[in-house]
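Subject: Structure handover, salt bridges

Hello,

Here is the structure for your files. My notes on its salt bridges follow below.

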Amino acid sequence: MKPRKHHLKNGRMLVIREAVVEDARDVLDYIEGISGESDYLSFGPGEFELSVLEEEDYLRKCRDSDNLLYLLGLIDDTVVSTLTFSAGRRPRVRHSGEFGLSVRKRCWGVGVGSLMVDTLIDWAKDTQTVTKINLRVRTDNQRAIVLYEGKGFVREGTIRMEMFLDGKYYDHHWMGLVLWRMNVE
């Protein structure tokens with residue numbers, strides 16, 4: 001996929017491109033940086049335990065697969081967003097996968113997340129493999145739910161007690177987007 005350039009609502013330029021092996025250190029630094037910016041993430045500071053070599057291996061695996069994707073959103077060559085998508089390996093589930101999205105807090109509300117999801121959907125349509133995109137989102141994350149529903153995702157169920165944080169359990173909605181229907185009733 002070729003890098004895409006987008007003008008954001010704040011006038012800044014966002015470049016969206018696939019991550020490469022050489023991005024591993026920057027990705028890990030980004031992940032550690034965002035880990036303390038939002039309680040909606042599935043990890044907190046110090047909880048994302050991949051080494052640079054492990055991250056390099058994962059990025060290589062994504063680049064070599066037709067149903068895995070690792071996108072970076074960059075402003076001035078600095079990572080401000082990531083989106084990962086992973087589908088199944090076996091023939092019966094290769095078409096369906098789940099994505100996770102994060103955006104630096106200073107970039108919330110200017111269109112970064114929307115553009116990252118659009119890029120995922122376009123990529124998935126081009127794969128000729130991926131026909132279903134899934135996600136999990138905390139039920140109290142209204143901004144994210146509005147974004148996903150605006151892209152056509154529908155709620156397919158609720159996962160109870162999916163996250164435990166500060167002595168409280170949180171539920172997640174399971175949401176999905178069918179890209180095209182073939183032999184689906």
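With which residue does arginine 12 form a salt bridge? The partner is aspartate 76, and the closest N and O atoms are 2.3 Å apart. A salt bridge here is a side-chain nitrogen of Lys or Arg within 4 Å of a carboxyl oxygen of Asp or Glu.

On the source: this is a predicted model, in which local features need pLDDT of at least 70 and side-chain atom pairs count only at pLDDT 80 or more, while totals for chains, interfaces and linings use all residues. Residues are numbered from 1 along each chain as its sequence is written, and side-chain values use heavy atoms, with hydrogens and water left out.

Searching the whole structure gives 14 salt bridges. Among them are the following.

Aspartate 122 pairs with arginine 4, with 3.0 Å between the closest N and O atoms. This pair links distant parts of the chain, 118 residues apart: aspartate 122 is in helix α3 (residues 112–127) and arginine 4 in strand β1 (residues 4–7). Helices (H or I, at least four residues) and strands (E, at least two) are DSSP runs, numbered from the N terminus. Aspartate 122 is partly exposed at 30% relative accessibility, and arginine 4 is partly exposed at 25%. Buried means under 20% relative accessible area, exposed over 50%, and partly exposed in between (1.4 Å probe, protein chains only).

Aspartate 171 and arginine 160 meet in a salt bridge at 2.9 Å, N to O. Aspartate 171 lies in strand β8 (residues 168–178) and arginine 160 in strand β7 (residues 154–165), so the pair ties together parts 11 residues apart in sequence.

Finally, a network of salt bridges links Glu98, Arg136 and Glu162.

Regards
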